Amino acid sequence: MTTATSSGPQHRPAELLARARTILEPVLRESVGALPEPLRRMAGYHFGWWDARGAATNADSGKALRPALAIAAATACGALPTAATPAAAAVELVHNFTLVHDDVMDADENRRGRPAVWKVWGTTNAVLVGDALHALAGQVLAQQLPAALAAAAIDRLERTVVELCRGQYLDCCSKTDWDISDCERMALGKTGALMGCACAMGALCAGAGDSVIAALDRFGRNLGLAFQFIDDLIGIWGDPEVSGKPTNDLAHHKLSLPVVAALRSGTPAARELANLYRSEKSLSAPDIARAAALIELAGGRQLTRRVADERVAAAIAALPDRSAAADLIALAYLVAHRCA
């Protein structure tokens, strides 16, 4: 890897995200704008650009972490930030395709502080919007990269989508005897695969060699695991006003890492938690508060935080040249210190 062209350590993570959004948004708007109605209006609503009637708004469009990783990976390989524009747009489109579908599968009624697409237009239309965003990701790569590079990027992206589907299947399956390795396998597919893809495709757009691309894929996958495990903490103890995410994991009996670690602890708290989780009904507010306390008593919160920290360290250790990767390290720091 060559010396990065970005200014490195003085970048705050917020500035890296803002840079990614500035680079990314014109491509996103052009791609979504080419969709036929009403898919265009539904997709633009999801991105926060307009309301359900099509009137312009300035709602939350998301953090743009994955595009920021693609751009930071490209600069770590000596390219200009804009070299990774097609990769950044593609991974953001795929990420949002998964969000639209996740809201349907999880019956989450709100996304980024507004009613989810499926709550406004119904589940069938939400599935179609998600499919359209997926298709746009391939189009961006095919139209904005040289043919050979586009073929490699599309192949990597679509293999990643298969991993995402597998991870989401595990997240939604009815298996009850999970252990920590099951949580890691689910998180690697659901979250780690796309973050690894973002970093690898940024390096690919920069013309990096196979070994560097593979190393940056490992960086992103480890960082994605950390991200998911911190998400698991936020899903129980987070403040929705800060995180923008609902804290309903316990109500839905979700087997996230803190829960699985607690259930596997062999403690009295684990036995009481298991009795709560055996109920087929959603937990009441007092039950949720008790379950959260039991998970903490059984060590689930502490173990999850430790495993997340270990994955961040593993991500940084995977970097081929840390001196050229200040932006990637800053984004890893952001992931490690999300509110949980």
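## Basis of the model

This is a predicted model, in which local features need pLDDT of at least 70, side-chain atom pairs count only at pLDDT 80 or more, and totals for chains, interfaces and linings use all residues. Residues are numbered from 1 along each chain as its sequence is written, and side-chain values use heavy atoms, with hydrogens and water left out.

## The whole chain

The chain has 15 helices and two strands. Helices (H or I, at least four residues) and strands (E, at least two) are DSSP runs, numbered from the N terminus. The C-alpha trace spans about 60 × 50 × 35 Å along its principal axes.

The radius of gyration is 20 Å, which agrees with the value near 20 Å for a compact globule of 340 residues. That radius is taken over C-alpha atoms, and the globule rule is 2.2 Å times the number of residues to the power 0.38.

## Burial and contacts

Of the 340 residues, 55% are buried. Buried means under 20% relative accessible area, exposed means over 50%, and partly exposed lies in between (1.4 Å probe, protein chains only). The accessible surface of the chain comes to about 14,300 Å². Carbon and sulfur atoms hold 54% of that surface. Such areas come from the Shrake-Rupley method with a 1.4 Å probe; for residues, only the protein chains shown count as cover.

Contact means heavy atoms within 4.5 Å. Among contacts between residues at least 6 apart in sequence, 72% join residues at least 24 apart.

## Helices α1 and α4

Helix α1 covers residues 13-33, and helix α4 covers residues 85-106. Their axes come within 9 Å and cross at roughly 70 degrees. The two helices are therefore roughly perpendicular to each other. Angles of 65 to 115 degrees count as roughly perpendicular, under 35 as roughly parallel, over 145 as roughly antiparallel, and the rest as oblique. Axes are lines fitted to C-alpha atoms, for helices over the stretch in contact, and angles run from 0 to 180 degrees between N-to-C directions.

From α1, Arg21, Ile23, Leu24, Val27 and Leu28 meet Thr85, Ala88, Ala89, Glu92 and Leu93 of α4. By class, this contact has seven nonpolar, one polar and two charged residues. Ala, Val, Leu, Ile, Met, Phe, Trp, Tyr, Cys and Pro count as nonpolar, Asp, Glu, Lys and Arg as charged, and the others, Gly among them, as polar.

## Two buried helix residues

Histidine 46 lies in helix α2 (residues 39-46). Its relative accessible area is 6%, so histidine 46 is buried. Leaving aside neighbours within four places in sequence, histidine 46 is in contact with Asn96, Leu99, Val100, Arg111, Arg112, Arg114 and Val117.

Alanine 193 sits in helix α8 (residues 180-205). At 0% relative accessibility, alanine 193 counts as buried. Not counting residues up to four places away in sequence, alanine 193 touches Thr160, Glu163, Leu188 and Arg221.

## Backbone exceptions

Most residues other than glycine have a negative phi, and most peptide bonds are trans. Glutamate 37 and proline 38 are joined by a cis peptide bond, with omega about 0 degrees. Proline 38 is found in the loop between α1 and α2.

Alanine 64 has a positive phi of about 65 degrees. Its place is in the loop between α2 and α3 (65-76). At 3% relative accessibility, alanine 64 counts as buried. Alanine 107 also has a positive phi, of about 55 degrees. The loop between α4 and β1 (110-111) holds alanine 107. At 46% relative accessibility, alanine 107 counts as partly exposed.
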